[in-house]
Amino acid sequence: MKKQYKIAIAFTLCFLGLVSFINPTETVNYKCMIQLTNYTGEGAYIVVSILDTNEEYQETLYVQGDDNEWYRDIEKWWKNIYGIRRPNVDAIVGETVTGGQRKMTVLKIPVDKIDAGYKIRFESAVEDNEYFESDVEFELTTENLMSKKEGKGYIRYVRMLPQ
């Protein structure tokens, strides 16, 4: 009994020692409003991701649209992230947003990615319709996070504010 007790204590101490070296990524919350253009048709799927200087996906911050059957329409994200690896993306929220509507959400942006050469990309697609790889894309800087950014596709504009 004493031996099992000592083993349990040793295991617990080792576990706590390992966990203490894990630094969770510090994030800052930004309230994000996505205003869509007045288009007709099905709802838009929107993916918000962080990319590095080589245009490689680093993190998915947000996915608008919960029917994964249509994620393939967000071609670049599907090809590089979801379609290949099928990660457990916990940023998936609710149904798609239709033309003229707006969506408010909170994005948790890693502090170490701001003002460090990364970009934020908003991709949009409508079921069996057009896809906009860089509907809204900008350098992930403190200044850019405080300004309104115009879209090129289904997104009219994006406005972000620190929370």
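These questions and answers cover a predicted model of one chain.

Me: What pattern does the chain follow, read along the sequence?
Reply: The chain has 2 helices and 9 strands. Read along the sequence, these elements give the pattern α-β-β-β-α-β-β-β-β-β-β.

Me: What percentage of the residues of the chain count as buried?
Reply: Buried means under 20% relative accessible area. The chain has 163 residues. The buried share of them is 39%.

Me: Which residues have the most contacts inside the largest nonpolar core?
Reply: The largest nonpolar core holds 28 residues. Strands S1 (27-36), S2 (44-51), S3 (57-64), S5 (102-110), S6 (119-126), S7 (131-139) and S9 (155-162) each give two or more residues to this core. The residues with the most contacts inside it are Ile34, Leu107, Ile109, Ile120, Phe122 and Met160.

Me: How many residues does the second, separate core have?
Reply: Tyr71, Ile74, Ala125 and Tyr131 are among the members of the second core. This core is separate and has a total of 11 residues.

Me: Is Arg121 buried or exposed?
Reply: The cut-off for buried is under 20% relative accessible area. Arg121 has a relative accessible area of 1%. Arg121 is therefore buried.

Me: How far apart are the closest N and O atoms of Arg121 and Glu137?
Reply: Arg121 forms a salt bridge with Glu137. The pair links distant parts of the chain, with Arg121 in strand S6 and Glu137 in strand S7, 16 residues apart. Glu137 is partly exposed, at 26% relative accessibility. The closest N and O atoms are 2.6 Å apart.

Me: How many residues apart in sequence are the parts that Arg121 and Glu133 tie together?
Reply: Arg121 forms a salt bridge with Glu133, the closest N and O atoms being 3.5 Å apart. Arg121 lies in strand S6 and Glu133 in strand S7, so the parts tied together are separated in sequence by 12 residues.

Me: Which residues are linked with Arg121 in a network of salt bridges?
Reply: The structure holds 9 salt bridges. Arg121 forms a salt bridge with Glu133 and one with Glu137. The residues linked with Arg121 in the network are Glu55, Lys76, Lys119, Glu133 and Glu137.

Me: Is Glu95 of the negative surface patch buried or exposed?
Reply: Glu95 forms this patch with Glu42, Asp66, Asp67, Glu69 and Asp128. Glu95 lies in the loop between strand S4 (92-93) and S5. Exposed means over 50% relative accessible area. At 62% relative accessibility, Glu95 is therefore exposed.

Methods
Residues numbered from 1 in each chain as written. Predicted model: local features only at pLDDT ≥ 70, side-chain atom pairs only at ≥ 80, totals over all residues. Heavy atoms only, no water. Core = buried A, V, L, I, M, F, W, Y, C linked by side-chain atoms within 4.5 Å. Buried < 20%, exposed > 50% of the residue type's maximum accessible area, 1.4 Å probe, protein only. Helix = DSSP H or I, 4+ residues; strand = E, 2+ residues; numbered from the N terminus. Patch = residues over 30% accessible without salt bridge, like charges linked within 9 Å, V, L, I, M, F, W, Y side chains within 5 Å. Areas by Shrake-Rupley, 256 points an atom, 1.4 Å probe, with all protein chains shown as cover. Salt bridge = Lys/Arg side-chain N within 4 Å of Asp/Glu carboxyl O. Lys, Arg positive; Asp, Glu negative; His and termini not counted. Charge placed at Lys NZ, Arg CZ, Asp CG, Glu CD.
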